[in-house]
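Student: I am new to this structure. Please take me through one part of it closely, step by step.

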Amino acid sequence: MKKTFALLLAAVMMLALLTACGGGDKPADNAGDSQPSQSDTTTPPADAGTPEEPAAGGTVGVCIYKFDDAFMTTYRNALEEILKGKGYEPIVVDGNNDQAKQNEQINTFITQGVDALIINPVMTSAADTIIATVKAAGIPTVLINREPTPEQMAAYDRLVYVGCDARQSGTMQGELILDTPNKGDINGDGKVSYIMIQGDPENVDAQYRTEFSVKALEDAGMEVEQLNLTRGDWDREKGQTICANDLAQFGDKIEVVFCNNDDMAIGALQAIQSAGRKVNEDIYLVGVDALDAALNEVSNGNMTGTVLNDANGQAEGAVAEMEKLLGGATYSSGNQSVYVDYVKVTPDNVKDFMK
């Protein structure tokens, strides 16, 4: 009888032990919590999954379209700092605004066996070639700043884009004008007459900022008149030259100067001041990026406003998505873009963004 009882007790204890061990198969409540840390406004792909923790360190190839772009200088510095802080070895190269050169750099990184790539394409039209190259090599890749189409990105499931929706920035530029006392119609003739200094028209950001800044005015019921649209290639000197030429041609007819970025806006400001015009009195001027120089001009009343293009937030998001890819995450078609919100910068809130 004692032997039977002992055997029964042992069986019960064994069953309890097996039940306790089996609890490890249940996932933790926060297992899917892999959101980027930079902002609640970032929208992660829905199917990124729960990647494994990536191995510490590793080499990351970073391709920047050109180093002498003011915004991308801020962006790449933030990327390098974040990557180094996490134990990675970033190798950052300058594409010199030459797509053929950047293609060679990407191939060199692949030959060197980098663990991941972060690429700021020189030309979005080259996205097919870039994506095919990294896919063939099987390298986790984050595209930044210049967004390919969803159809292009769908070719590779270890690819994600991190950036901002340029339509939002254009809309905010238009809203900055609508927020002025006369909604941009300085001379009271019932229409807003403007010039547009565009970045690279091949870049989707330039396309959307150009379109949606004006659309915001039209959607608000304003009549608009485009006096001129000229390509400025994101360059300050070109912005100055274009604006000077337009002021000489159109004079007081120009009520608004839209610039696709702040560097061109700073150049335009120099032309405006040289022509004896005064921003926010007889002409309005808006840009995008919230560069330090532009923030100073907004604060001093020399720019109507700008739109924050959050370089630090995007850099944090790019590294976060890279780590998901290194941990094994994949992305399905239509879920390969992560966006960080733009923010309007006005004389009322500019101090919040100044260092």
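Tutor: Start with helix α4, residues 127-137, in this predicted model. Helix α4 lies across β3, β4 and β5. Its direction is at about 170 degrees to β3.

Now look at the strands themselves. They belong to an open sheet of six strands. The order is β2-β1-β3-β4-β5-β11, and the pairing is parallel. β2 (89-94) and β11 (337-339) stand at the edges. Each edge strand has a single partner, so one side of each is left without a neighbour in the sheet. On average, neighbouring strands of this sheet are turned by 20 degrees against each other, direction ignored.

Take one pair from that order. Strand β4 covers residues 141-144, and strand β5 covers residues 159-163. The two run parallel and are joined by four bridges. In β5, Y161 is the bridge partner of L143.

Another helix also lies on these strands. Helix α2, residues 70-85, lies across β1 (59-64), β2, β3 (116-119), β4 and β5. Helix α2 runs at about 175 degrees to β1.

N309 sits in the loop between β10 (306-308) and α11 (311-326). With a relative accessible area of 4%, under the 20% cut-off, N309 counts as buried. Leaving aside residues up to four places away in sequence, N309 touches F71, C164, R209, D289, Q314 and Y342. The side chains of N309 and Q314 are also joined by a polar contact of 2.8 Å.

Terms used
Residues are numbered from 1 along each chain as its sequence is written. This is a predicted model: local features need pLDDT of at least 70, side-chain atom pairs count only at pLDDT 80 or more; totals for chains, interfaces and linings use all residues. Side-chain values use heavy atoms; hydrogens and water are left out. Buried means under 20% relative accessible area, exposed over 50%, partly exposed in between (1.4 Å probe, protein chains only). A polar contact is a pair of N or O atoms within 3.5 Å; within protein, one must be able to donate a hydrogen and the other to accept it, and residues adjacent in sequence count only if both atoms are side-chain atoms. Contact means heavy atoms within 4.5 Å. Two strands pair if DSSP finds at least two bridges between them. Axes are lines fitted to C-alpha atoms, for helices over the stretch in contact, and angles run from 0 to 180 degrees between N-to-C directions.
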